[in-house]
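Take a walk through the structure below.

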Amino acid sequence: MTDPHDHPLDIEAPATRRAYSFGARRYWVALLIAVAAAGYLSTGFYTVNADEHAVVRRFGAIEARVGPGIHYRLPWPVDRVDVVKATSVMKIGVGFALPEKEGQETPGVELLTGDTNILNVAMVVQYVIRNPSDYLFEIDQPQPLVGTLAESVLTEIVVGMPIDEVLTTGRLAIQARVKLKTQRCWIAITAECRSPRSTS
Amino acid sequence: MNRLPLRLRILAAAGGVALLAWAFSGALFTVDVTQHALVMRFGKVVRVVDEPGLHAKAPFDQVLRLDRRITFSRPAPAEYLSVDKHNVVVESLATWRIADPARFLATVRTRADADVRLADVMLGEIGSVLGTYPVTTLVAPDGNADRFRDVVASIRTGVASFARAAYGIEIVDVALLHITLPEQNRDHVFERMKAERGKMAKELRTAGEYKAKKIIAEADHERTHIEAEAYEQSQRVRAEGDAEATRLYAAAYGQNPPFYKFLRTLQAYEKLLDESTTVFLPADAEVMRVLRPRPSAGSIAPSVTAKSKSADPEPVVSLVRRGKQGAGSAPASTVPDAGAGQR
């Protein structure tokens with residue numbers, strides 16, 4: 001490090017002094033770095049609650065899908081964790097925003113029936129997330145899309161039915177068909193996601 | 001000379017490390033699973049990376065990321081004219097994603113822009129498709145799922161081919177929703193609905209009244225029938241009872257005809273004679289026979305005797321009189337007087 005020919009007499013004292021101070025500083029720096037590293041690594045622990053599922057992404061690619069419990073991932077910027085409610089039932093209004101409070105009037109949506117009558121229909125879709133990675137990473141706004149798909153299915157069904165059937169005998173059938181067809185639409189759309197990616 | 005090279009060397013080392021770090025960090029980039037990454041060198045797209053994960057590039061290359069998730073656009077509702085000149089207001093939904101990032105970047109760039117372009121394409125396509133179908137293809141009360149689907153499918157193919165070629169957008173799905181009538185038709189529709197409901201209510205009411213009347217008539221008929229049967233039965237029972245009574249009477253009287261005659265006579269008196277009765281009869285009238293004071297060679301004495309086992313007719317008359325008095329005092333006196341007067 002130093003040139004021994006310049007100050008032969010002076011060589012010992014500054015060197016030792018420097019070495020000593022340097023060693024102490026090195027010690028503290030090492031300790032600091034160790035603590036910082038430990039702190040940094042300890043941020044990798046996370047818990048997933050009983051009703052949740054988590055998806056881990058490493059550098060943006062899906063690494064693992066984990067269930068409830070305590071888990072470890074590499075800290076930022078390597079791994080990222082997204083948590084979704086997997087078992088709880090979500091709900092969304094078909095064509096309208098659900099009221100915030102319970103017991104409030106649901107506005108519903110106006111639809112044309114097959115015999116050109118106008119009806120106000122209030123329908124609510126309830127769903128659970130079956131595939132968290134699809135829900136998180138394949139669809140931009142999954143919640144509104146579910147509602148909108150159900151709305152299009154409902155429109156298609158109601159516009160092919162006379163009003164009396166919608167009001168009386170067809171109610172349950174409409175519910176069943178909206179459920180079935182919305183599910184089918186969703187499957188078709190998410191299947192589209194998994195089709196081979198286009199490369200250009 | 002000692003310190004300067006040292007500092008220089010430290011500086012050089014630090015600079016070298018920083019340069020290396022810059023080169024290293026600049027040479028690596030991550031691609032998220034939700035993204036397309038476009039590697040741009042001086043503004044030109046040199047590479048599109050779709051595989052998520054860590055990737056390498058030249059440090060001076062730039063990375064532009066586009067969302068590759070499926071999203072949807074909802075153009076504002078618009079009014080269309082069907083081939084049979086009916087107006088319908090239709091809202092539409094296009095579910096899409098970026099299929100060709102380079103093309104998308106060259107033509108559209110942002111998602112908001114894509115929404116606007118797609119809305120234009122959708123409106124045009126829906127207009128031209130709906131213009132070739134009658135309105136009953138969409139709106140019919142017979143469960144027209146197939147025809148409806150045909151319409152939507154032809155809209156979808158039109159939009160999809162155009163959007164793919166022009167904007168690098170892949171249309172995943174197209175749907176129609178909120179099919180309604182134009183605002184100015186709504187009042188008319190509500191009027192008609194009201195009239196229809198009113199008519200239906202009237203029909204139902206009429207049918208109900210008819211049914212009620214029918215039920216009442218049937219019940220009346222049944223009542224008459226039951227009453228007639230009951231009357232018939234009562235008459236029959238009564239007749240049987242009468243016959244039985246007559247038979248019993250006949251049997252009873254047949255045991256002693258003279259006494260019967262006598263009894264009947266007394267009964268006749270009881271009926272004929274009350275407090276204010278004045279009867280004029282020939283003295284030898286059959287009815288008065290018993291009241292005659294003198295015993296004649298009538299047939300009563302033996303009969304009375306036969307009944308009471310008494311040989312003397314006189315007491316019989318007095319007995320009758322007393323019996324009369326027991327029933328009522330006035331007739332008892334009147335009748336003999338009348339009888340005397342008659343004599």
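This is a predicted model. Start at the interface. Chain B places 43 residues in contact with 39 residues of chain A. On the chain B side, several elements give two or more residues each. The strands among them are β1 (28-31), β4 (53-56), β6 (71-73), β8 (87-98) and β9 (169-180) of chain B. The helices are α4 (145-167) and α5 (183-254) of chain B. The largest share comes from β9(B), with 8 residues. By residue class, the chain B side that touches chain A divides into 24 nonpolar, 10 polar and 9 charged residues.

Now take chain B as a whole. Its 343 residues include 21% that are buried. Its secondary structure comprises 9 helices and 9 strands. Consider the contacts in chain B between residues at least 6 apart in sequence. Of these, 67% join residues at least 24 apart.

Next, a sheet in chain B. Three of its strands form an open sheet in the order β3-β2-β5, and the pairing is antiparallel. β3(B) and β5(B), the latter spanning 62-67, stand at the edges. Each has a single partner strand, so one side of each is left without a neighbour in the sheet. From one strand to the next, the twist averages 30°.

Look at the two pairings in turn. Strand β2(B), residues 35-41, pairs with strand β3(B), residues 44-49, over 5 antiparallel bridges. Within this pairing, Arg41(B) has Lys44(B) of β3(B) as its bridge partner. The hairpin of β2(B) and β3(B) has 2 residues between the strands. There Phe42(B) takes a positive phi near 55°.

Strand β2(A), residues 52-58, meets β5(A) over 7 bridges in the antiparallel sense. One bridge pair joins Arg57(A) to Arg80(A) of β5(A).

What general point links the pairings in both chains? Strands of a sheet pair through backbone hydrogen bonds, in either a parallel or an antiparallel sense.

Finally, turn to the backbone angles. Most residues other than glycine have a negative phi. Phe42(B), in its hairpin, has already shown a positive value. Two loop residues follow. Thr116(A) has a phi near 45°, positive though the residue is not glycine. Thr116(A) lies in the loop between β7 (109-112) and β8 (118-121) of chain A. Lys85(B) has a positive phi of about 60° and is not a glycine either. Its loop runs between β7 (78-81) and β8 of chain B.

Lys85(B) has 8 C-beta neighbours inside 10 Å, so it counts as exposed; here the cut-off is 12 or fewer.

Notes: Residues are numbered from 1 along each chain as its sequence is written. Chains are lettered from A and ligands numbered from 1 in the order in which they are written. This is a predicted model: local features need pLDDT of at least 70, side-chain atom pairs count only at pLDDT 80 or more; totals for chains, interfaces and linings use all residues. Two residues are in contact if their C-beta atoms, placed from the backbone, lie within 7 Å. Helices (H or I, at least four residues) and strands (E, at least two) are DSSP runs, numbered from the N terminus. Ala, Val, Leu, Ile, Met, Phe, Trp, Tyr, Cys and Pro count as nonpolar, Asp, Glu, Lys and Arg as charged, and the others, Gly among them, as polar. A residue is buried if 20 or more other C-beta atoms lie within 10 Å of its own, exposed if 12 or fewer, and partly exposed in between; C-beta atoms are placed from the backbone. Two strands pair if DSSP finds at least two bridges between them. Axes are lines fitted to C-alpha atoms, for helices over the stretch in contact, and angles run from 0 to 180 degrees between N-to-C directions.
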